[in-house]
Amino acid sequence: MHSEIENMITTDILIIGAGPVGLFTVFEAGLLKLRCHLIDSLPEPGGQCAEIYPKKPIYDIPGFPEVLAGDLVSNLMKQIEPFNPTFTLGESAVTVEETEDDQFIVTTDKGTKHKAPIVAIAGGLGVFTPRKPPIANITDFEDKGIKYIVKDPEEWRDKKVVISGGGDTALDWTIYFAETLNCDVTLVHRSQSFRAHNDSVQKAMDMAEAGKLKLMLDSEVVALKGGDHLETVTIKSKSGDIIEEAVDSWLPLFGLTPKLGPIAEWGLEIEKGAIKVDNATDYRTNRPGIYAIGDVNTYPGKLKLILCGFHEATIMCQSAFAKIYPDKKNVLKYTTVNGVNAF
Amino acid sequence: MEDLIKITVIDREGEAHELDAPTDMNMNLMELCKSYELPVLGTCGGMAMCASCQVYVENDKASLERNDDEQAMLDDAWYVEDNSRLGCQIHLAQEHNGLVVRLAPSDDF
């Protein structure tokens with residue numbers, strides 16, 4: 001039993017979700033000398049701000065007339081540095097169990113275990129999951145020729161691959177697969193234009209011209225065939241031509257979309273896809289010790305704004321402190337008076 | 001109120017909802033649907049980056065012309081037809097009075 005605990009990540013506040021609200025929680029907790037660990041399914045901190053709209057300006061962060069979402073994340077990371085937060089990235093929180101000593105153990109999809117007396121769910125709109133094309137038998141071939149995310153590109157070396165999508169991810173992998181992995185690669189895209197950096201688009205066009213890869217524009221994959229493994233994809237063009245291509249693999253790279261996911265099974269009260277909390281007190285859920293802050297929660301008058309999430313995080317941390325140290329006196333401290341005491 | 005127009009939204013079950021829409025609140029069609037609690041997610045908040053507010057324009061009260069961001073998003077979306085638009089890119093104005101739209105299929109509802 002002892003060794004099992006040693007293999008566990010322990011902290012004071014376990015934050016699910018490393019978006020802006022999760023990150024700011026580290027700061028407010030740090031002022032109270034509480035340590036934080038964050039879990040996020042994305043490989044980098046920042047949540048939606050980093051994944052969906054890093055280059056979009058935000059105008060309603062108090063004190064910032066204009067700030068790019070990506071810069072807000074960088075600033076928050078700098079702001080919380082003194083409190084030395086730790087991260088489990090690229091993994092999503094799957095289960096929560098309560099222990100006899102009144103703590104929680106949260107386990108990720110990769111089996112990483114975390115133990116803390118307080119869990120703060122700052123999960124935004126949920127876990128980013130790949131957008132899957134609506135082809136009926138697509139799930140039959142997942143991991144049997146179809147993957148939505150490229151993790152280890154070597155897996156595709158020398159293979160015959162079709163990639164779908166019109167964004168940077170699809171274009172960049174198409175170029176990489178052709179250039180570096182010696183793949184016979186075809187990029188299928190529904191339009192003539194791409195939503196990607198101009199130099200990538202130009203490079204792909206040039207490579208297609210030189211016969212190093214194939215571009216099929218105004219086309220889309222509409223059907224899949226195979227037995228135990230994907231064997232062919234059917235590609236339909238706007239003009240109605242249909243061809244069947246034998247492939248080793250198809251990569252539909254259409255980006256990610258958030259889904260509430262396993263947290264919905266944690267016994268928390270859910271209303272319209274969000275976690276119900278008590279906003280009159282401290283954003284507690286119906287499970288004592290588990291809080292929900294930011295876009296993931298709902299209460300009468302809820303506004304899904306980053307600035308409201310910051311407020312919720314601040315209130316929640318005070319409550320978390322009182323729960324962890326019920327007998328300790330604590331008063332609100334001002335950073336102007338006390339500064340930021342790193343640990 | 002002269003700032004109000006009528007918009008009809010046909011949901012995925014085929015039921016038509018006639019909505020009063022203000023034109024003086026800088027509102028788009030995605031936001032209007034959400035304000036009436038129709039099943040539209042608007043995940044990206046209206047940045048033409050998710051296609052969860054895709055609608056089919058059923059009459060001539062809204063242009064079928066798409067802006068560049070909207071076109072790029074629809075190029076990577078599903079169930080796209082010639083009359084597809086993103087609700088978040090239709091900014092409600094007097095010219096839309098009498099508009100009829102149908103919600104596109106969604107994996108989320």
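Leaving aside its neighbours within four places in sequence, with which residues is Glu66(A) in contact? The answer is Pro57(A) and Tyr59(A). This briefing concerns a predicted model, in which chain A has eight helices and 23 strands.

**Overall build of chain A**

- Taken along the principal axes, the box filled by the C-alpha atoms of chain A is roughly 75 × 50 × 40 Å.
- Chain A comprises 343 residues, of which 39% count as buried.
- When contacts in chain A between residues at least 6 apart in sequence are considered, 63% of them join residues at least 24 apart.

**The largest nonpolar core**

- The largest nonpolar core contains 51 residues, and the members that touch the most others are Ile13(A), Val119(A), Ala120(A), Ile121(A) and Ile293(A).
- Val119(A), one of these five, touches Leu14(A), Ile16(A), Val96(A), Phe104(A), Val106(A), Gly289(A) and Ile290(A), when residues up to four places away in sequence are not counted.

**Helix α2(A) and its partner α4(A)**

- Helix α2 (residues 20-31) and helix α4 (residues 69-80), both of chain A, have axes that come within 9 Å and cross at roughly 20 degrees.
- Because angles under 35 degrees count as roughly parallel, α2(A) is roughly parallel to α4(A).
- The crossing of these two helices, α2(A) and α4(A), is left-handed.
- On the α2(A) side the contact is made by Pro20(A), Leu23(A), Phe24(A), Val26(A), Phe27(A) and Gly30(A), and on the α4(A) side by Leu72(A), Val73(A), Leu76(A), Met77(A), Gln79(A) and Ile80(A).
- By class, 10 residues of the contact between α2(A) and α4(A) are nonpolar, two are polar and none is charged.

**Helix α2(A) and its partner α7(A)**

- Helix α2(A) also packs with helix α7 (residues 306-324) of chain A, at an angle of about 35 degrees and with the axes 9 Å apart.
- The crossing of α2(A) and α7(A) is right-handed, whereas that of α2(A) and α4(A) is left-handed.
- From α2(A), the residues Pro20(A), Val21(A), Phe24(A), Thr25(A), Glu28(A) and Ala29(A) take part; they meet Ile306(A), Gly309(A), Phe310(A), Ala313(A), Thr314(A) and Cys317(A) in α7(A).
- The contact of α2(A) with α7(A) has eight nonpolar, three polar and one charged residues.
- Pro20(A) and Phe24(A) are listed in the contact with α4(A) and also in the contact with α7(A).

**Helices α5(A) and α6(A)**

- Helix α5 (residues 168-179) and helix α6 (residues 198-209) of chain A pack at an angle of about 40 degrees, and their axes are 10 Å apart.
- This angle makes α5(A) oblique to α6(A).
- The crossing of α5(A) and α6(A) is left-handed.
- Asp168(A), Leu171(A), Asp172(A), Thr174(A), Ile175(A) and Ala178(A) of α5(A) meet Ser200(A), Val201(A), Lys203(A), Ala204(A) and Met207(A) of α6(A).
- The residues of the contact between α5(A) and α6(A) divide into six nonpolar, two polar and three charged.

**Contact between chains A and B**

- Chain A contributes 16 residues to the contact and chain B contributes nine residues.
- On the side of chain A that touches chain B, seven residues are nonpolar, six are polar and three are charged.
- Asp75(B) lies in helix α2 (residues 68-75) of chain B and counts as buried, because it has 22 C-beta neighbours inside 10 Å.
- Apart from neighbours within four places in sequence, Asp75(B) is in contact with Gly166(A), Arg190(A) and Ser191(A).

**Residues with positive phi**

- Most residues other than glycine have a negative phi.
- Lys33(A) has a positive phi, near 65 degrees, and is found in the loop between α2 and β3 (36-40) of chain A.
- With 13 other C-beta atoms within 10 Å, Lys33(A) is partly exposed.
- Tyr283(A) likewise has a positive phi, near 65 degrees, and lies in the loop between β21 (274-276) and β22 (290-292) of chain A.
- Tyr283(A) is buried, with 25 other C-beta atoms within 10 Å.

**The surroundings of Glu66(A)**

- Glu66(A) is placed in the loop between β4 (57-58) and β5 (67-68) of chain A.
- Glu66(A) counts as exposed because it has 9 C-beta neighbours inside 10 Å.
- The C-alpha atoms of Glu66(A) and Lys56(A) are separated by 9.8 Å, and the two residues are 10 residues apart along the chain.

Conventions. Residues are numbered from 1 along each chain as its sequence is written. Chains are lettered from A and ligands numbered from 1 in the order in which they are written. This is a predicted model: local features need pLDDT of at least 70, side-chain atom pairs count only at pLDDT 80 or more; totals for chains, interfaces and linings use all residues. Helices (H or I, at least four residues) and strands (E, at least two) are DSSP runs, numbered from the N terminus. A residue is buried if 20 or more other C-beta atoms lie within 10 Å of its own, exposed if 12 or fewer, and partly exposed in between; C-beta atoms are placed from the backbone. Two residues are in contact if their C-beta atoms, placed from the backbone, lie within 7 Å. A nonpolar core is a set of buried Ala, Val, Leu, Ile, Met, Phe, Trp, Tyr and Cys residues joined through C-beta atoms within 7 Å. Axes are lines fitted to C-alpha atoms, for helices over the stretch in contact, and angles run from 0 to 180 degrees between N-to-C directions. Angles under 35 degrees count as roughly parallel, over 145 as roughly antiparallel, 65 to 115 as roughly perpendicular and the rest as oblique. A crossing is left-handed if the near helix is turned anticlockwise from the far one by less than a right angle, and right-handed if clockwise. Ala, Val, Leu, Ile, Met, Phe, Trp, Tyr, Cys and Pro count as nonpolar, Asp, Glu, Lys and Arg as charged, and the others, Gly among them, as polar.
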